[in-house]
Amino acid sequence: MRLALACAALAAATPVAALSQELPPGAQLAASCAMCHGTNGRSAGGNEPLAGMPREELVRKFSEFRSGAKPATVMHQIAKGYTDPQVNLIAEYFSAQKK
C-alpha cells in the first residue's frame with residue numbers, strides 16, 4: 001500500500017517537475033509577476049504591462065524601485081528580493097514578449 005502511494009505521488013509530481021525544467025530561467029522568474037502584471041506581462045489593466053518593454057527600461061525601473069526613487073506600494077520590497085542577474089533574466093524575458 002505504501003509503495004502504491006509513493007508511486008502515485010511520484011507520478012503526479014513528474015509533469016510539474018518536467019515543465020519547470022523546460023521553461024527558461026527568465027520565464028520561471030517572471031511567472032511571479034503574472035499576478036499583478038498579467039500572463040507573460042500582458043496586463044489586463046490596473047498595473048503597467050511589462051510585455052515588450054525594452055530590457056534597459058525594465059532594469060532601470062527595478063533599480064529605481066530598489067533605491068526608493070520610484071514610488072510603489074509593494075514593488076520596492078519585491079525588487080530587493082532579486083539579484084542583478086535575475087533582474088536581467090526577467091528583463092530579457094519580458095522584452096522578448098509581444099505587447
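Me: Which crossing do we get where α4 passes α6?
Reply: This is a predicted model, where local features need pLDDT of at least 70, side-chain atom pairs count only at 80 or more, and totals for chains, interfaces and linings use all residues. Numbering starts from 1 along each chain, and side-chain values use heavy atoms, without hydrogens or water. Helices here are DSSP runs (H or I, at least four residues) numbered from the N terminus. With the near helix turned clockwise from the far one by less than a right angle, α4 passes α6 in a crossing that is right-handed.

Me: At what angle do the axes of α4 and α6 cross?
Reply: Axes are lines fitted to C-alpha atoms over the stretch in contact, with angles from 0 to 180 degrees between N-to-C directions. Those of α4 and α6 come within 8 Å, and they cross at roughly 140°.

Me: So what does that make α4 relative to α6?
Reply: Under 35 degrees is roughly parallel, over 145 roughly antiparallel, 65 to 115 roughly perpendicular, and the rest oblique. The axes cross at roughly 140°, so α4 is, relative to α6, oblique.

Me: Which residues of α4 meet α6?
Reply: Contact means heavy atoms within 4.5 Å. On the α6 side, the partners include Asp84, Val87 and Phe94. From α4 come Arg55, Leu58, Val59, Phe62 and Arg66.

Me: How many residues in the contact of α4 with α6 are nonpolar?
Reply: Nonpolar covers Ala, Val, Leu, Ile, Met, Phe, Trp, Tyr, Cys and Pro; Asp, Glu, Lys and Arg are charged, and the others, Gly among them, polar. The contact has 4 charged residues and 2 polar ones. The nonpolar count is 7.

Definitions and conventions
Helices (H or I, at least four residues) and strands (E, at least two) are DSSP runs, numbered from the N terminus.
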